[in-house]
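Dear colleague,

Please find below the structure that I am handing over to you. My notes on what was found follow directly after it.

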Amino acid sequence: MKRIVTFIAVVVITIGVMAGTSPWLINKMELGLDLKGGLEILYQATPLENGAKVTKESLTQTALSLEKRSNVLGGTEPEVTTEGTDRIRLKIPGVANNEEVRKKLSEPASLTFRSKDGTEKEASQYNKIELVGSDFAEDGASITYDQLNRPQISIKLKNKEKFAEVTKRLAANPPGSAERQLAIFLDDQLLSAPEVQQELNQGTAVITGSYTLDEAQELRDTINLGALPLKLTEKYSQVVDATLGKLSLHQTLLAGGIASVVILLFMMIIYHLPGVIASFTLISYVWMMLLVFHFAGVTLTLPGIAAFVLGIGMAVDANIITDERIKEELRSGKSIMSAVKAGNRVSFRTVMDAHVTTFIAAAVMYWMGTGSVRSFALVLMIDIVVSIITNIFFSRYLLVLLVKGNVIKKPGLLGVKESEIGAL
């Protein structure tokens with residue numbers, strides 16, 4: 001009786017948790033470019049300086065910079081991959097303004113501090129570069145406020161001794177002279193040209209001006225984007241319409257839903273009570289996959305859905321192997337309890353071997369593949385782990401509870417006719 005109560009409690013609690021959380025998990029699911037719509041660009045990288053070469057390190061750093069820019073520009077889970085020796089592919093789902101994003105992604109936001117030797121105050125005369133982008137801390141720009149509560153941009157430097165040396169030298173010039181100014185440029189745009197009053201040794205520079213909060217935030221984000229290590233030339237781009245993505249998602253889910261219903265009916269008809277348990281654990285498997293996707297931050301794509309559906313097939317296969325082995329043990333004349341134990345034990349290694357070898361293949365695909373191949377492989381690896389938990393251990397646990405609770409008294413409940421017993 002105790003085991004029957006445990007079985008009912010486990011099933012009811014599981015159903016309650018799944019029913020209560022599934023709508024939330026589905027609504028929170030992050031969709032990829034092919035489902036949500038967005039922008040895909042293929043860049044060719046070339047050196048910024050003549051005679052230089054594109055190295056693996058510089059290509060990787062440029063890809064990381066592109067990913068950072070995509071996040072700042074509002075992209076959802078951007079996917080950046082290097083291809084060959086000089087190409088970078090970027091996918092950004094859910095982009096609202098494609099042209100603006102394309103423009104900002106490839107622009108080199110180069111921050112420089114400059115001084116000048118003459119007495120002219122035109123921006124073109126600031127011809128001596130004192131500090132460049134590599135002198136500033138990564139993501140070092142932030143919004144601060146002056147004494148009048150006006151927004152300004154504070155920038156941290158990597159080497160405060162170098163900044164102290166520059167400001168000390170400029171402050172030594174006569175007050176009011178042009179040589180005392182330290183002009184701040186973003187690319188070739190003059191932001192401000194403050195006069196250095198004294199040596200600054202705190203390692204922080206401030207850009208002041210009549211900025212609104214929105215303007216200051218935009219300037220801060222532009223500075224934090226930083227300069228790209230390599231020059232990027234757009235070789236190919238495509239925009240996936242959100243409507244087309246939704247249509248693909250609807251058709252894929254419809255096909256997967258129909259296939260799942262057919263599989264569940266097949267299991268219950270052919271394998272009777274074990275088939276019902278297998279169907280329940282398959283539903284648990286789908287829910288747990290959604291849970292893992294959410295907390296692991298997995299972006300779902302069409303290849304990912306394909307791997308998801310493939311995982312359902314593998315999960316069914318694991319149940320079929322176990323149930324068939326139990327039926328064989330029953331036909332050999334063993335009792336129900338002995339048949340279940342023997343069937344679970346004998347089939348365990350076969351099922352685990354199949355899962356482990358598939359996991360190894362998926363891991364190699366993820367390690368060596370790119371783009372949609374990695375997406376497929378990642379979901380397949382998650383599939384395998386979740387399938388082992390739900391369709392091997394959980395399903396066997398529920399079946400053993402029913403057997404030990406003396407609910408299954410006839411072989412017919414396990415799909416074996418009385419006439420088949422001892423016929424082997």
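In this predicted model, Arg349 and Asp353 are joined through their side chains by a salt bridge, with N and O 3.9 Å apart. The term salt bridge is used here for a side-chain nitrogen of Lys or Arg within 4 Å of a carboxyl oxygen of Asp or Glu. In general, side chains of opposite charge can pair when their charged atoms come close. Both Arg349 and Asp353 belong to helix 9 (residues 336-368), where 4 residues, about one turn of the helix, separate them. Arg349 is exposed, at 63% relative accessibility, while Asp353 is partly exposed, at 41%. For these terms, buried stands for under 20% relative accessible area, exposed for over 50%, and partly exposed for values in between, using a 1.4 Å probe and protein chains only. Elsewhere, salt bridges with shared partners link Arg325, Glu328, Glu329 and Lys334 into one network.

Glu329 is buried, with a relative accessible area of 7%, whereas Arg325 is partly exposed at 29%.

A further salt bridge connects the side chains of Glu324 and Lys327, at 3.9 Å from N to O. Glu324 and Lys327 are 3 residues apart in helix 8 (residues 302-331), so about one helical turn separates them. Glu324 is partly exposed, with 28% relative accessibility, and Lys327 is buried, with 6%. Over the whole structure, the search finds 10 salt bridges.

The transmembrane annotation may also be of interest. The unreviewed UniProt entry places the feature "transmembrane region" at residues 253-271, 351-369 and 375-394. UniProt positions are given in the numbering used here, feature names are shortened, and such annotations may be inferred rather than shown by experiment. In the model, residues 351-369 are 95% helix and 0% strand, with 26 Å between the end C-alpha atoms. Residues 375-394 are 100% helix and 0% strand, and their end C-alpha atoms are 27 Å apart.

Thr390 is part of helix 10 (residues 372-404). This residue, Thr390, is buried, with a relative accessible area of 2%. Leaving aside residues up to four places away in sequence, Thr390 touches Thr281, Ser284, Tyr285, Met288 and Ser395. A contact requires heavy atoms within 4.5 Å.

As for the protein as a whole, its secondary structure consists of 10 helices and 13 strands. These are DSSP runs numbered from the N terminus: helices are H or I with at least four residues, and strands are E with at least two. Of the 424 residues, 42% are buried. Among contacts between residues at least 6 apart in sequence, 72% join residues at least 24 apart. The protein exposes about 22300 Å², of which carbon and sulfur atoms supply 59%. Accessible areas come from the Shrake-Rupley method with a 1.4 Å probe, and for residues only the protein chains shown count as cover.

Residues are numbered from 1 along each chain as its sequence is written, and side-chain values use heavy atoms, with hydrogens and water left out. Since the model is predicted, local features need pLDDT of at least 70 and side-chain atom pairs count only at pLDDT 80 or more, while totals for chains, interfaces and linings use all residues.

With kind regards
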